[in-house]
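Student: I am new to this structure and would be grateful for a guided discussion of it. May we proceed by question and answer?

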Amino acid sequence: MFALLVGLAGALRAAPADEISTKVPQARAILDAWQAKDPEAVQKKLHIVYWTPSDREPSPRYAERLGAILENIRDFYSKEMRRLGFGPRTIRLDYGDDGKMKVHLVKGRQPYSHYEVQSGGEIRNECLTTLRAAGIDPERETIVIFCNMSNWDPAKRTISQNSPYYASGSNRQGTAWQVDSPILDLDSLAAKEPRVKDGQYGDISIGRYNSIFIGGVCHELGHALSLPHNKQRPDEQEAFGTALMGSGNRSYGEDLRGEGKGSFLTLAHGLRLASHPIFCGSGKGIDLPANAVVDEVKIHNLGQSFTLSGRVTANPPAYAVIGYMDPEGGGDYDATTCTAIPDGEGRFTLEANALAAGKAGVLRLVVCQANGAANSFASATSRIIYPYKVAKNGHVDLSAVQAQLELVPLINALDGSADEVGAALSKIESGGADPVVLETARVLAESARFQAGPAPAQAEGELCHLPDAAMKSSRVGYGRFTPNRLPEGMLFICESKLFPRGLYAHARSSHVWDLGGKWQSLSGHAGFPDVRRGGSCVFVVLADGKELWRSPKTEPGSLRPFKVDVSGVQSLELRVEDAGDGISSDWGCWFDPQLRR
């Protein structure tokens, strides 16, 4: 069997060019057939805004410079989509009767000193009146806002910026915030001289500056068109260079200076863009939400890689399944990709083979549907996010994801009847499950009709699981707290380790128990569930109001063990605090906290 699986993996793994030539025609056959039936042509365009604070005039030649830059980016996307086999699909720009790209000028309501990096929402709101007056619906179009927020000193040749620089979007709409400067100029992209001193990137050539910031426009536009980050696999790097949605914003155009291969679009992101209305000219089903369901999932360990197979059902049809292999740390910038095209029955097989040794990670599945919709990372449930761990020698540990697959039927039954929960639990109990999986299943089943045990002050025995014990008080910063349960069907898994019990503690949160001075030690772990990305927290243990333990700033992928002396303590509080950047995505968890005599 193992030899058969290894042979399957070898068949799946192909050189990047061969992978493209095989998969893209299959994807196009599904996509083109659906769009050709009862077609709905649209002429979606990219809309450009130049925004400047109230006390600043626009930078010189802004419309001319930005027009040339956007046309270069249009040509980059066109070249890459042709290389991938999708034909000349690319962004469409909006031109006036004079043949020049339209740039909508907006004067901000406040002076430069009022705005900062996080002012994107305010700046966008200041642009809405101008856009609507031009007949543009900002909630149904893709917009790029260039902010006149750089500071250029031509005598000292220094430049700095304090501008919003991010983006997000979908097949329906998107917004990208960029920064403009007097030296942002396509004509300088190939130049190795003169030098400039950038406040963030140091002493660099004018060409390198424009690689970074023209590449930044191209990269953030990708986000506005729905693309997440991804890094190139080693075989892709050798063949093509640096992935645009990884660090390709810094390598854009470096080939013009003989400094590298430049930036490229991965097959994963070419597949996603192929159905975007701006790229394909089809508005058919544009308002239909993503509705793909992945089931019948099976996973096979191949030693230093693994395969995941399943069946996808969706309407509009799914024409591609993308796997993002995202190791701990680094946000999602270092996520590599694998792709598969569903067959006529919706069946697909992915091979995850570009894995980071010595790290835990998650495989995130995104299903591309023919109307341009794709399930997002933010809304993905545990059924399409799969944790794994890679040893330093490259061997893969899939115990966490195998446990997850065993528990999914029970998770799905938790909101049903007691009989449904009981039947799902019985199937696991009779299937010879691993002891940790079995304990987790029983705890989950009990959580469906949870009844707290006695408070620690009244509990007997040598061990007390805090999630099972009655509390004095409890609050979380987002959602609803249920002992031993996480929202969205997630499990208490961190660094690919499954914990049978836990406390959901999205910042800012507090859980308090009466100990009655009867316990000696408290131990457990703190961190984020593996299936979440983003956010940062600080975990704090307090006894009678006194701080016993405080974690460092903690981000997803880090599991913080703790053990403290609670001798004589009357009141115990587990608190999760914001780490200084707001509570968005701060899905803190306490993993199996327990008291001992």
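**Salt bridges, cysteines, cavities and a covered strand**

Tutor: Glu-19 and Lys-23 are 4 residues apart in helix H2 (residues 16–36), which means that about one helical turn separates them. Please bear in mind throughout that this is a predicted model.

Student: Which salt bridge does Glu-19 form, and how far apart are the closest N and O atoms?

Tutor: A salt bridge requires a side-chain nitrogen of Lys or Arg within 4 Å of a carboxyl oxygen of Asp or Glu. Glu-19 meets this condition with Lys-23, and the closest N and O atoms of the pair are 3.0 Å apart.

Student: Are Glu-19 and Lys-23 buried or exposed?

Tutor: A residue counts as buried when its relative accessible area is under 20%. Glu-19 has a relative accessibility of 11%. For Lys-23 the value is 14%. Glu-19 is therefore buried, and Lys-23 is likewise buried.

Student: Which residues are linked with Glu-19 in a network of salt bridges?

Tutor: The bridge between Glu-19 and Lys-23 belongs to a network of salt bridges. Besides Glu-19, the network links Lys-23, Arg-233, Asp-235 and Glu-236.

Student: Where do Arg-89 and Asp-32 lie in the chain, and how many residues apart are they?

Tutor: Arg-89 and Asp-32 form a salt bridge, with 3.4 Å between the closest N and O atoms. Arg-89 lies in the loop between helix H3 (62–83) and strand S2 (103–107), while Asp-32 lies in helix H2, so the pair links distant parts of the chain. Arg-89 is buried at 10% relative accessibility, whereas Asp-32 is partly exposed at 28%.

Student: Which parts of the chain does the pair Asp-185 and Arg-61 tie together, and how many residues apart are they in sequence?

Tutor: Asp-185 forms a salt bridge with Arg-61, the closest N and O atoms being 3.3 Å apart. Asp-185 is in the loop between strand S7 (174–179) and strand S8 (195–198), and Arg-61 is in the loop between strand S1 (46–52) and H3. Asp-185 is buried at 13%, and Arg-61 is partly exposed at 41%. The parts tied together are 124 residues apart in sequence.

Student: How many disulfides does the structure hold?

Tutor: A disulfide is a covalent bond between the sulfur atoms of two cysteines. The cut-off for such a pair is 2.5 Å. The structure holds 0 disulfides.

Student: Which cysteine sulfur is nearest to that of Cys-127?

Tutor: Cys-127 is in no disulfide, and the nearest cysteine sulfur is 7.4 Å away. Cys-127 is buried at 0% relative accessibility. The nearest sulfur is that of Cys-147.

Student: How many cavities does the search find, and how much space lies in the largest cavity?

Tutor: The search covers the whole structure and finds 3 cavities of 30 Å³ or more. The lining of the largest cavity divides into 8 nonpolar, 2 polar and 1 charged residues, and it includes Leu-444, Asn-484 and Arg-485. The space in the largest cavity is about 50 Å³.

Student: Which element supplies the largest share of the lining of the second largest cavity?

Tutor: The second largest cavity holds about 40 Å³ of space, and its lining includes Pro-16, Glu-19, Ile-20 and Glu-236. By class, the lining has 7 nonpolar, 1 polar and 3 charged residues. H2 and helix H6 (234–240) each supply at least two lining residues. The largest share, 3 residues, comes from H2.

Student: How many residues of strand S17 (residues 360–369) are buried?

Tutor: Both faces of S17 are covered, with Ala-360 among the buried residues on one side and Gly-361 among those on the other. The number of buried residues in S17 is 10 of 10.

Student: Which strands pair with S17 in the antiparallel sense?

Tutor: Strand S14 (residues 318–327) pairs with S17 over 9 bridges, and Tyr-324 has Arg-364 as its bridge partner. A further antiparallel pairing involves 5 bridges with strand S18 (residues 385–390), where Leu-363 stands opposite Tyr-386. The strands asked for are S14 and S18.

How values were computed
Residues numbered from 1 in each chain as written. Predicted model: local features only at pLDDT ≥ 70, side-chain atom pairs only at ≥ 80, totals over all residues. Heavy atoms only, no water. Buried < 20%, exposed > 50% of the residue type's maximum accessible area, 1.4 Å probe, protein only. 1 Å grid on protein atoms, 1.4 Å probe; cavity = no way out; pocket = protein on both sides within 12 Å on 5 of 7 lines; lining within 4 Å. Points joined across faces, edges and corners; volume = space filled by probe spheres on them. Nonpolar A, V, L, I, M, F, W, Y, C, P; charged D, E, K, R; others polar. Pairing = 2+ DSSP bridges.
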